[in-house]
Amino acid sequence: MKNGITIFLCLISWNILSASFTSNSGPYQANEILSNLSSPWGLAFSPSKLLFVTEKTGAIKVFKDGIFQYNLAGLPRDIATVGQGGLLDIVFHPEFQKKPYLYLSYTTKTRANPHDGINTRVSRFTLSNEKTLTSEKILVQGGFGTDGAHFGSRLAFDSKGYLFITIGERHHKEKAQELSYLNGKILRLHDDGRIPDDNPFVGTPHARGEIFSLGHRNPQGLDIHPLSNTPFVSEHGPSGYDAYLPGLGSVGKADEVNAIFSGKNYGWPILFGSPKILPWTNRMINFARNPNIQAPLVEFTKPDGIAPSGSAFYTGKSFPSWENDLFVTALRGYILRLKITKDGQLIESEKIIPNGFYRLRDVTTGPNGSLFAIAANGIIEIKP
Ligand SMILES: [Ca+2]
């Protein structure tokens with residue numbers, strides 16, 4: 001048994017891929033520092049610089065300097081790993097020394113409404129010695145659906161301590177426009193789950209007070225602009241079976257990056273993509289007739305889009321020219337770097353990691369200044 005454990009640790013920390021690239025701002029390298037994880041989905045560094053990685057299949061692995069330490073204990077027992085669902089995102093409380101909480105999102109079967117199937121739950125846990133979760137407090141759950149797709153489910157705290165949450169439409173696209181459902185919404189909560197008084201639909205009849213914005217399809221990337229405190233979301237747009245607009249038929253893929261503002265409607269499924277880029281006159285008219293719908297900051301309309309998953313602003317010191325740039329991981333196999341001004345204007349975009357790595361799932365800035373990203377079943381470190 002002892003030998004078995006030793007072999008497992010060697011495999012999990014074995015460097016197997018390394019590559020050098022050139023960006024607009026100079027050379028950098030990407031090294032795979034971890035491999036053989038089981039569907040890694042989210043990653044976060046603890047205040048003591050340990051790397052926590054969620055596995056969709058229901059575990060959290062903890063690493064120190066690229067070496068596996070232990071599995072976190074005390075995870076919820078009712079995680080439902082179905083299709084795109086399972087154990088999903090992870091975030092530490094921004095004032096962890098005072099409030100030692102870890103927040104997780106995961107999918108679970110709902111007992112109250114068996115016909116509704118599976119929904120997304122966000123819970124707060126107390127984290128003891130960085131090893132054990134206790135005292136689960138369910139903050140919110142919703143986004144009901146019966147299949148295993150479009151859960152969204154990223155978590156991020158803004159600089160004022162509000163917790164933002166993305167929820168996918170769960171293949172119930174009409175609910176993305178209905179304020180009585182959490183499907184297809186961005187939510188905003190206090191750190192203990194209370195609904196802020198100034199959320200845009202507090203007091204609106206039949207509306208869920210957690211809602212901050214609506215009209216999203218499957219938002220799987222979320223981070224907060226370090227200067228403006230604006231949430232930015234990357235989301236999977238429609239393709240093929242659901243990429244239809246009235247009178248136009250299928251109009252192809254339209255993955256999006258959106259700047260999120262209180263009470264705004266991001267269009268799905270009435271409109272998607274941007275009138276600035278697409279040539280279809282009817283769509284521009286549709287936007288003109290729907291002035292309350294926000295066009296995306298960036299969209300990707302190639303036949304397969306980019307399949308954006310995680311997003312993070314770079315806040316390290318290793319790449320001075322990348323400071324506060326938004327990095328969006330694409331399951332198609334690269335990372336997009338977007339330079340966005342404080343007032344939300346896009347001034348530069350560039351693909352990095354153009355080959356050699358696949359299924360880029362999530363990204364974060366590490367305490368050493370490197371970028372860390374999930375690539376397929378491993379973790380890569382990007383450094384100068
Ligand atoms: Ca949209």
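**Notebook: strands, sheets and core**

I counted two helices and 27 strands in the chain; helices (H or I, at least four residues) and strands (E, at least two) are DSSP runs, numbered from the N terminus. The model is predicted, and I kept to its limits: local features need pLDDT of at least 70, side-chain atom pairs count only at pLDDT 80 or more, and totals for chains, interfaces and linings use all residues. Residue numbers start from 1 along each chain as its sequence is written.

**Burial and contacts.** I looked up burial for the chain: 44% of its 384 residues count as buried. A residue is buried if 20 or more other C-beta atoms lie within 10 Å of its own, exposed if 12 or fewer, and partly exposed in between, with C-beta atoms placed from the backbone. Of the contacts between residues at least 6 apart in sequence, 57% join residues at least 24 apart; two residues are in contact if their C-beta atoms, placed from the backbone, lie within 7 Å.

**Sheet with β1.** I traced an open sheet of five strands in the order β1-β2-β27-β26-β25, paired antiparallel; two strands pair if DSSP finds at least two bridges between them. β1 (18-23) and β25 (360-365) are at the edges with a single partner strand each, so one side of each has no neighbour in the sheet. From one strand to the next the twist averages 25°, with axes as lines fitted to C-alpha atoms (for helices over the stretch in contact) and angles from 0 to 180 degrees between N-to-C directions. Within this sheet I found five bridges between the antiparallel strands β26 (residues 371-375) and β27 (residues 378-383). Leu 371 has Ile 382 in β27 as its bridge partner.

**Core.** I then checked the largest nonpolar core, which has 90 residues; Leu 187, Ile 335 and Ala 373 touch the most other members. Such a core is a set of buried Ala, Val, Leu, Ile, Met, Phe, Trp, Tyr and Cys residues joined through C-beta atoms within 7 Å. Leaving aside neighbours within four places in sequence, Ile 335 is in contact with residues including Phe 327, Ile 352, Leu 360, Val 363 and Ala 373.
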